[in-house]
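Subject: Structure for you to look at

Hello,

Here is the structure I said I would pass on. Please open it and keep it beside you while you read the rest of this email.

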Amino acid sequence: MWRWFGRFDSRTSLRSKLLAAFALLVLVPSIAIGFFSYRKSSSIIQEQTSRAYLEALRQTSINLSYRMTEVENISYIVYTNDNLQQMLRRAHASELTTGQVMDDYKDIKEILHNLETSRNIFRIRLLVPSTALYTTENISLFGLSDGEFDDYRRELGEAKNMMAWKYLGPTSYLDAGTKSIISLQRLMKDFNNVTTSLGVIAIDVEERTFTDVLENMNLALPYKAMLIKDQSVIASYAHEPERLGIDKAPLSDILRLGGGTEREARTIRYDGTTYLYLVQRLDNVDWKIVALIPTVNIADQSDMLGVYILLLSAGLIAFATALAFLLSGRITRRLSVLADKMKGIEHGHFGETVKIQGRDEISLLQRRFNKMSGQIEHLIGEVYRVTQHKQQEEMKVLEGRINSHFLYNTLDSVKWMALKSSAPDIARVVTDLSKFFRIGLNRGKDKIPFEKEIEHVRAYVDIQNVRFGGALRTAFSFDPGLPHIEIIKLILQPIVENAIIHGINKAGGRDGLILLRGRLVGDEIVLLIADNGAGMDRETAAGVLDGTVGGYGISNVHRRLQLYYGPECGVSIRSKPGSGTVVRLKLKTAPVDPLRNGVRSAT
């Protein structure tokens, strides 16, 4: 039978094979009915459970909102207390005598102490921007510097009702040790002059107060509940954490998977386990409650029915999957091999071939592919060799012209020095000249570290400085990553030479200044060479770039950059008569393979 199928595979058309596979796949929907029945039953149970738990979450949010509203009401009582207003007004005006300080301190303590009897309040603190002596108490009364009070006034002044809930976390109290605190802070205005702020009321609530509410959700299953603001947990409680498997999960991962800012229920999967994710927003603050319950506990009611359905469905699905896998693999195997070889050619692996099998349409494609691959490999190899040879020859010619051109100028400088200067100057020029040619030749290599190219420029400028009597100054600035990057050699010296000979030399008595700056932008290198020479007009700059004006040094550099790094690189000139010249060189951190670049562009 397997042999018969092999003959069928190699001699039958692709359309017939696909039709046979589709006929077998028709059975899959009927087999999947059992699976989807189980999924539907589990979905109904989960939906009903989600509604019940969302209602529990809503009741919890009401309970939390009630407690927070109670605290806000107490802040209003403190805020509207006339006696407290008068005492803070006196402190603000710095009109307190020593006796008044003592009396006000006792009265303020009494007012705050009477309001601290609420079961939800741990401490009421009054933050006062004054120098009153009672602000040094640091238990219920605190003094604020002008800067600190400005921060409170700016932040709370923009909040609704000039108050905001803040999670302070572990907070130290002189008389009570360290407590984990959530605080309501409210800006206290002067009723006689609402533009004046008298202080800040801070009503501190222990985190445990909120945790108790989360603990009293009374969910029958293991759960984790969290009170969240933005990306921070304010309070949390885990019931039977050993059965959760998510108790120590990062909050960012949970929120990324669950999301949701309003009343919502959905399922998420974390670390191989599926959870019911519930979220409920609180009414009076921008907080939300998030609860997580493993769905494995929710689906316990449908386990028995699910076992039978899943066993039957799993057997049928396994059979259908195996059969579909064998058939599809047998039918599409040769097409997959052919597709992989085509991808290889796309990534530059030319000359790929496939083994020809059978006598159907696929075997015809295989023959055509093998022939095409061989032709591409031959043609690309030939083009690559011709292009590479042409580039090498052209580079040698261009570099030879630059070296010989500068050699004539340097020998002229040496001759001039021999007539005018003493032997030590000649020795120094010869040393710089030796360094110049040693770096320029670079043992026949085309590329050179950027720092060596700069050293090459320095040697050239030192030689020219002898001729110009030390009137040439240079300034260099480069990104830290540039010095060790390799670039093609002899691209900066021709630019500097042009700046000296045709720019600074023609400026007439002006001290020469050459600025050279290099920046590394991604895989691009941008070099700027600026001088304070005579400058040039736009037509002259264009002639310098194409080699029709002032020699061929800059035009050679432009052509070499384009040959090595692609047509988007090269030299550009910005100049104005009497205002100097700026030459911009753009290249890349690695040469461009013209053949590979051309292939990608074609596709």
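What follows is a short account of the salt bridges in it.

Please keep in mind that the model is predicted. Searching the whole structure gives 15 salt bridges. I describe some of them below.

Start with helix H7, which covers residues 207-215 and holds both Asp 212 and Arg 208. These two residues form a salt bridge, with 2.7 Å between the closest N and O atoms. They are 4 residues apart in the helix, about one turn.

Helix H13, residues 450-467, contains another pair, Glu 455 and Lys 452. Here the spacing is 3 residues, again about one turn of the helix. Their side chains meet in a salt bridge with an N to O distance of 3.6 Å. The relative accessible area of Glu 455 is 26%, which makes this residue partly exposed. Lys 452, at 37%, also counts as partly exposed.

Some salt bridges share partners: Glu 524, Glu 568, Lys 586 and Lys 588 are joined in this way into one network.

One further pair is Asp 286 and Arg 281, whose side chains form a salt bridge at 2.4 Å, N to O. Asp 286 has 48% relative accessibility and counts as partly exposed.

Regards

Definitions and conventions. Residues numbered from 1 in each chain as written. Predicted model: local features only at pLDDT ≥ 70, side-chain atom pairs only at ≥ 80, totals over all residues. Heavy atoms only, no water. Salt bridge = Lys/Arg side-chain N within 4 Å of Asp/Glu carboxyl O. Helix = DSSP H or I, 4+ residues; strand = E, 2+ residues; numbered from the N terminus. Buried < 20%, exposed > 50% of the residue type's maximum accessible area, 1.4 Å probe, protein only.
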